[in-house]
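This briefing goes with the structure shown below. It takes up annotated sites, a domain and aromatic pairs in turn.

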Amino acid sequence: MALLMKGGPAAAALNEKTAARAAALAAAGVMPTLAVVRVGAREDDLAYERGVLARCAKLGLAVRPFVLDAAAPQEELLAVLDEVNRDRSIHGCLLFRPLPPQMDDRTVRAALAPEKDVDGITDASLAEVFTGSGVGYPPCTAQACVEVLDYYGIPLEGRRVTVVGRSLVVGKPAAMLLDRRNATVTLCNSRTRDLPALCRAADVLVVAMGRRGAIGADCIAPGQAVVDVGIHTGEDGRLCGDVRFAEAEPIAGAITPVPGGVGAMTTSVLAAHLVSAAEKAAR
């Protein structure tokens with residue numbers, strides 16, 4: 001039976017460290033503050049926002065909401081981001097995307113100061129992932145993958161890692177973060193030839209395809225650590241991942257569940273990024 005790499009215990013360990021750092025800042029007169037910028041009221045945005053608000057409240061972090069109507073012009077959102085950039089009491093910003101059709105995603109992302117981009121959406125933050133420049137932060141889900149592996153003691157240095165999925169939200173940044181840990185990383189996609197063989201060749205398999213049940217037993221090697229980033233609703237109405245868990249779990253050495261795996265880490269990583277931004281601003 002595989003080790004179940006649940007996100008909850010890993011998140012609790014990270015939260016403990018984050019709360020201690022936030023308390024030290026508060027004692028020095030600095031309150032880490034997150035701007036939550038939302039256009040419209042998509043249900044998935046609202047659900048994630050509730051999780052962020054709850055996490056910040058538990059860790060002693062402040063939140064300032066900026067809510068715009070779904071029909072708001074792009075100029076109104078840019079004005080909000082300019083206010084966030086200029087306000088020294090705000091240390092980080094969470095901007096919900098996708099944006100409504102009247103707004104250009106590239107233009108809006110470019111308007112956010114990278115030092116306040118705690119969710120890793122700006123080009124400067126992505127450059128930090130590739131170059132280690134120190135400006136901006138990695139996308140939270142990508143970093144959550146590494147945090148989970150670290151918590152459960154999965155070795156990375158010198159190990160073979162296959163990442164399936166090449167999005168800028170998870171796949172590519174996760175591959176770079178793992179490369180920085182001296183893993184030997186293979187980045188695959190849905191068109192990769194003989195994908196099952198490349199998956200089986202890895203010591204660690206990270207799956208972020210965005211396709212329900214795309215990875216089955218033919219892609220899993222005995223003893224392998226499997227990180228499933230996918231989140232979908234199955235035909236039975238239950239949440240499931242990109243990996244067919246019932247097939248993979250008897251073969252793998254360790255595996256993240258869905259739900260309760262990587263997704264449980266994302267708000268904790270966001271909070272840790274916020275505290276880091278506040279620490280940098282206080283120097």
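Which residues does arginine 166 touch, not counting residues up to four places away in sequence? They are Gly171, Lys172, Leu187, Cys188, Asn189 and Arg191. The model is predicted, and the points below are grouped by topic.

**Annotated binding site**

- An unreviewed UniProt entry carries the annotation "binding site" for Gly165, Arg166, Ser167 and Ile231.
- Of these residues, Ile231 is included in the lining of the largest pocket.

**Glycine 165**

- Glycine 165 sits in the loop that runs between strand E5 (160–164) and helix H7 (171–180).
- Glycine 165 has a relative accessibility of 7% and therefore counts as buried, since the cut-off for buried is under 20%.
- Neighbours within four places in sequence aside, glycine 165 is in contact with Gly171, Lys172, Leu187, Cys188, Asn189 and Ala208.

**Arginine 166**

- Arginine 166 is also placed in the loop between E5 and H7.
- The relative accessibility of arginine 166 is 44%, so this residue counts as partly exposed.
- Gly171, Lys172, Leu187, Cys188 and Asn189 are among the contacts of glycine 165 and are also among those of arginine 166.
- Ala208 is listed as a contact of glycine 165, and Arg191 as a contact of arginine 166.

**Annotated domain**

- From an unreviewed entry, UniProt lists residues 6–119 as "domain: Tetrahydrofolate dehydrogenase/cyclohydrolase catalytic".
- Across residues 6–119 the chain is 51% helix and 16% strand.
- The C-alpha atoms at the ends of this stretch are 22 Å apart.

**Aromatic pairs**

- Searching the whole structure gives two aromatic pairs.
- One of them joins tyrosine 48 and phenylalanine 96 in an edge-to-face arrangement, with 6.2 Å centre to centre and 85 degrees between the planes.
- Tyrosine 48 belongs to helix H2 (residues 43–59), whereas phenylalanine 96 is in the loop between strand E4 (92–95) and helix H4 (105–111), so the pair ties together parts that are 48 residues apart in sequence.
- Tyrosine 48 is partly exposed, at a relative accessible area of 23%, while phenylalanine 96 counts as buried at 6% relative accessibility.
- Tyrosine 151 and tyrosine 152 also form an edge-to-face pair, with 4.9 Å centre to centre and 85 degrees between the planes.
- Tyrosine 151 has a relative accessible area of 41% and is partly exposed.

Methods
Residues numbered from 1 in each chain as written. Predicted model: local features only at pLDDT ≥ 70, side-chain atom pairs only at ≥ 80, totals over all residues. Heavy atoms only, no water. UniProt positions renumbered as here; feature names shortened; annotations may be inferred. 1 Å grid on protein atoms, 1.4 Å probe; cavity = no way out; pocket = protein on both sides within 12 Å on 5 of 7 lines; lining within 4 Å. Helix = DSSP H or I, 4+ residues; strand = E, 2+ residues; numbered from the N terminus. Buried < 20%, exposed > 50% of the residue type's maximum accessible area, 1.4 Å probe, protein only. Contact = heavy atoms within 4.5 Å. Phe/Tyr/Trp six-rings, centres within 6.5 Å; stacked < 30°, edge-to-face > 60°.
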